[in-house]
Amino acid sequence: MSHSNGKALRSVGTRPVRPDGIDKVTGRAVFSADFNLPDALSGAVLRSPFAHARILRMDTSKALALPGVKAVVTAGDLPTISDEQAQINDQPPDFRDLSANILARGKVLYEGHAIAAVAAVDTESAQRALQLIDVEYEVLPHVIDVQQAMEPDAPVLHENMITRGITPAPTRPSNIASRHEQIHGDVELGFSQADITVTEEFTTQPVHQAYIEPHACMARVASDGQTEIWCSSQGQFMVRAYCARLLAMPLSQIRVIPLEIGGGFGGKTTVYLEPLAVMLARKSGRPVKMEMSRADVFRATGPASGSYISMKIGARKDGTLVAAQGILCYQAGAFAGSPVRLGCMTAFAPYDIANVKMIGYDVVVNRAKSAAYRAPGAPMASFAAESLIDMLALRLDMDPIELRIKNAAREGTRTAYGPGFREIGYLETLEAARAHPHYSAPLGKNQGRGVASGFWFNIGGQSSAAITLNEDGTVMVATGNPDIGGSRASMALMAAEVLEIDVNLVRPQIVDTSSIAYSDLTGGSRVTFAVGMAVTQAATQLVAELKQRAAKLWDVPDGQVSWRDGCAIAIVDGSDECLSLAALAAQAGKTGGPVAAHVSLNAQGAGPGFGTHICDVEVDSDTGRVTVLRYTAVQDVGRAVHPSYVEGQLQGGAAQGIGWALNEAYLYDDNGALLNPGFLDYRIPVASDLPMIDTVLVEVPNPRHPFGVRGVGEVPIIPPLGAVANAVSRATAARHVDLPMSPPAVLKTMQRAARRRR
Amino acid sequence: MKQHICTSINGEITEFLCDSSATLLQVLRDNLQLTGTKEGCGSGDCGACSVMFNDRLVCSCLVLAVEAQNSRIDTIEGMATGDKLHPLQQSFLEHAALQCGICTPGFLVAAKALLDTNPSPTETEVRFWIAGNLCRCTGYDSIVRAILDAAEKMRHAETGVAP
């Protein structure tokens, strides 16, 4: 089934105003903290002041006795999760860890780790109650840095953590949760064929997703246990499943109502407050609202893993890459589960290299548990790989895009992580970047131009969509995936395309967990692809049904009816007949009742995504301050359903990547307490930091989607780290290997390089 | 003891009771249910709670509610006239200048404050004016374009010359 072949598209590829636009420019849209219920209590969380400590004793009686306090919960109120219940379908998360993350059990593992929660009649009483909770700690030595955490004498976070993936299994516990190995070809043989090798070590710091909306939720529990949760997340079904597993409740007892989500970027693919709110609501018998402060968000949620990476590539004199090798150590935070495996898989995926060996270590440290952040695991690995490619280009005196074109993965290239690529558009992004006027524009003094590419898998997954024909001929499209950046618009456009009607006749809705079948969460760049596929199929079914209804009204065989411009048409008794959606809807009662279609599927065939970015910088030689002068992001997007929002993904991802490269880092004091849990000192890029971000949408259609869609949202955050670092390195004639490239760090690297040149 | 405050919000005389420690943001959101003004940080760093206070652009999380006595407050809820959007609101829609939308009310209030005093800002002036408003989704590109375009349309509407 392909709607894109041979037929001009009428809706897909246009730029209508988004269906939820008016609500969002007038302040009417209801985000998580905007939802209120009469009689709701205010919930608050007590958090650890220590990075690593044993909880010797906790007494909540004084807090409970405070007037206005209605409930207190601690880890003892959470059900114990058995080994069998620890995972769903052998997939992360580990619910024993998640349970211990939402309320610490026995030990606190990072500053900000939740240890108790209270509900009171107002926020002041709740805050006072927190101060009355008496906790006795035994402070333990802590470790923040990933390399230090791997040392044999490092403080151990989990006494039962035996490194997985090593044979024979180690006998002593450590902070290395697992070792991952990925071997493709024979890397020793590969390096023996190399004329040139380039080796370097890289570090990157954890960065927060820094969505502007802090986590918040409301929960209400009826006396029979029926539970409602209003919250913003990247998946209402995820919230339902996680709360059910953490609280040992049947799914049918929980209804999650999605509110507008104020940014997520992967950081809202888990739960923090929701189970606490449910427990407090259950204990108190009243609705409970909980909101995180910005400091809580920084201390206790996210971030993306920091990393230490050692990497080496080998090439022939002509630039042909023959081998690549890497050791990647990722900070998981307090519990296992960094995306290091994805880093190993993605680092060299843009290239056709016969011999690749990658080893990854997942390492726990006394920081908040890391969470997904846009292409989890890929940007830091790509930063290392793309820096090495740039160093090789300089050594060979080759144009960096030429070098990439020479080694680019194409259709049929077998990836180092296993499967072969089918139709991909990497080469097309490189050619578009080379042809872009930006690439040949002159550079001034202290200026440099960097190029980097990036790869992301993109995923499909379980998705549901329901389409209903209203009595007046307008159409409702219901899906179960939060709209995080304009997906309502793309759902409406795809439905309108199939129905051949004006997009304004289609009203998309994001519905609660009791109103549609299960859908995987909004993540993995999957919604426009996979949920879009469900919408497209549902719309196709609706058209088929409507043609049958028209055939019934005309008393002709079904096959005689076709569909055009939103109407059933047929030649009946020699004359052209036409029934519009409105006419068919009006007569639905006579032809079999209301017309609707529901499709649930597990979408396969997500097309991989590739991007190539060009970045110009100027470096102040006195201060080391980097200014991004010009930026161009090129990406194969398959087919842009709503090009404005696709461009927005490229621009937003680039800006986040620039922040990762230049500004963003966590600062800790000697006790492991975060020094910059706020937007003043954790500085994400602001408007005056950035130039316009030019975009080029390359469209190499994904043949396994009806409109050729590929996932888009994650690729754009991968190339910027390398692109900015390569630009700074070329501007300063010194290689910058540690992120962020803050002014003092840049200056230091420049001075060291100058000393070496003397 | 609660304080009794009388003020003007979006042109309407409004009375409320608040603790002397309450911020204007808390009162707008919790007492008056004007939840279009958002809290992103509570420390004046993100601009999501931007409102006009006696024609001055402020972060409402940094203003005490009691300061609003006999003042004039304008919020995002008052920007459109009936069902007619302000040109900035329309421009944000046309330029897809929002993805998640949580920062949008703050940007609109800030942008209107800019155009009220400087009807023809340069790109650089726009970028520095909105540097106090954080957006994590868009990279600011579409926001800057939306503001520049709205400014141009408003200038032409003023002079009656089509752009």
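Predicted model: local features only at pLDDT ≥ 70, side-chain atom pairs only at ≥ 80, totals over all residues.
Mentor: Residues are numbered from 1 along each chain as its sequence is written, and chains are lettered from A in the order in which they are written.

Trainee: What makes residues of chain B and chain A part of the contact?

Mentor: Two residues are in contact if their C-beta atoms, placed from the backbone, lie within 7 Å. The contact therefore takes 42 residues from chain B and 42 residues from chain A.

Trainee: How are the residues on the side of chain B that touches chain A classed?

Mentor: They divide into 22 nonpolar, 12 polar and 8 charged. Asp, Glu, Lys and Arg count as charged; Ala, Val, Leu, Ile, Met, Phe, Trp, Tyr, Cys and Pro as nonpolar; the others, Gly among them, as polar.

Trainee: Why are β17 and β18 of chain A said to pair?

Mentor: Pairing requires that DSSP find at least two bridges between two strands. Because 5 bridges join β17 (residues 461-469) to β18 (residues 475-479) of chain A, they pair, and they run antiparallel. The bridge partner of Ala466(A) is Ala478(A) in β18(A).

Trainee: What is the order of the strands in the open sheet of chain A?

Mentor: Its 4 strands follow the order β19-β18-β17-β23, with mixed pairing.

Trainee: Why are β19 and β23 of chain A called edge strands?

Mentor: β19 (506-510) and β23 (596-603) of chain A each pair on one side only.

Technical notes: Helix = DSSP H or I, 4+ residues; strand = E, 2+ residues; numbered from the N terminus.
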